[in-house]
Amino acid sequence: MGYTFDLPKQKIFASRLRLYMNASNLYTFSKFDGYDPEVGQDGIYWGGYPRLRKWTIGIDLTF
């Protein structure tokens, strides 16, 4: 998700500002009571670490 702002050149040193964010694996809907609901294909919970949540947030300036 992102949004671009066109800025007036007279008042600000940049002509364009873009703010953006990207996120993945935020939440898994499950009734599983263990630590990681993403169990293997065999259906056995082996106690490993869950998949990481990733967030990317950025600012892009155009002069």
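**Reading a sheet and its surface**

Author: Strands S1 and S3 each contribute at least two residues to the nonpolar patch. Strands here are DSSP runs (E, at least two residues; helices are H or I, at least four), numbered from the N terminus. The model is a predicted one, in which local features need pLDDT of at least 70 and side-chain atom pairs count only at pLDDT 80 or more, whereas totals for chains, interfaces and linings use all residues. Residues are numbered from 1 along each chain as its sequence is written, and side-chain values use heavy atoms, with hydrogens and water left out.

Reader: Which residues make the nonpolar surface patch?

Author: The patch is made by Tyr3, Phe5, Ile12, Phe13, Leu19, Ile59, Leu61 and Phe63, and covers about 870 Å². Patches take residues with over 30% relative accessible area and no salt bridge; nonpolar side chains (Val, Leu, Ile, Met, Phe, Trp, Tyr) are joined within 5 Å, like charges within 9 Å. The areas come from the Shrake-Rupley method with a 1.4 Å probe, and for residues only the protein chains shown count as cover.

Reader: In what order do the strands of the open sheet lie?

Author: Strands of a sheet pair through backbone hydrogen bonds, in either a parallel or an antiparallel sense. Two strands count as paired if DSSP finds at least two bridges between them. Here three strands form an open sheet in the order S1-S2-S3, with antiparallel pairing. S1 and S3 are the edge strands, each pairing on one side only. On average, neighbouring strands of this sheet are turned by 5 degrees against each other, direction ignored; the axes are lines fitted to C-alpha atoms (for helices, over the stretch in contact), with angles from 0 to 180 degrees between N-to-C directions.

Reader: How many bridges join S1 and S2, and how many join S2 and S3?

Author: Five bridges join S1 and S2, and nine join S2 and S3, the latter strand spanning residues 54–62. Tyrosine 3 has leucine 19 of S2 as its bridge partner, and threonine 4 stands opposite arginine 18 in S2. Serine 24 is bridged to lysine 54 in S3.

Reader: Is serine 15 buried or exposed?

Author: Buried means under 20% relative accessible area, exposed over 50%, and partly exposed in between (1.4 Å probe, protein chains only). Serine 15 counts as buried because its relative accessibility is 19%. This serine lies in the loop between S1 (2–6) and S2 (16–24). Beyond its neighbours within four places in sequence, serine 15 is in contact (heavy atoms within 4.5 Å) with Phe5, Asp6, Leu7, Lys9, Thr62 and Phe63. Phenylalanine 63, in the segment after S3, counts as exposed because its relative accessibility is 68%.

Reader: With which residues is leucine 61 in contact, leaving aside its neighbours within four places in sequence?

Author: Leucine 61 touches Phe13, Ala14, Arg16 and Leu17. Leucine 61 belongs to strand S3 and is partly exposed, since its relative accessible area is 36%. From phenylalanine 13 it is 48 residues apart in sequence and 9.8 Å apart in space, C-alpha to C-alpha.

Reader: Which side chains meet in a salt bridge?

Author: Side chains of opposite charge can pair when their charged atoms come close. The rule asks for a side-chain nitrogen of Lys or Arg within 4 Å of a carboxyl oxygen of Asp or Glu, and the count comes to one salt bridge. Aspartate 6 and arginine 16 form it, at 2.9 Å, N to O. The pair links distant parts of the chain, with aspartate 6 in S1 and arginine 16 in S2, ten residues apart. Aspartate 6 counts as exposed because its relative accessibility is 58%; arginine 16, at 41%, counts as partly exposed.
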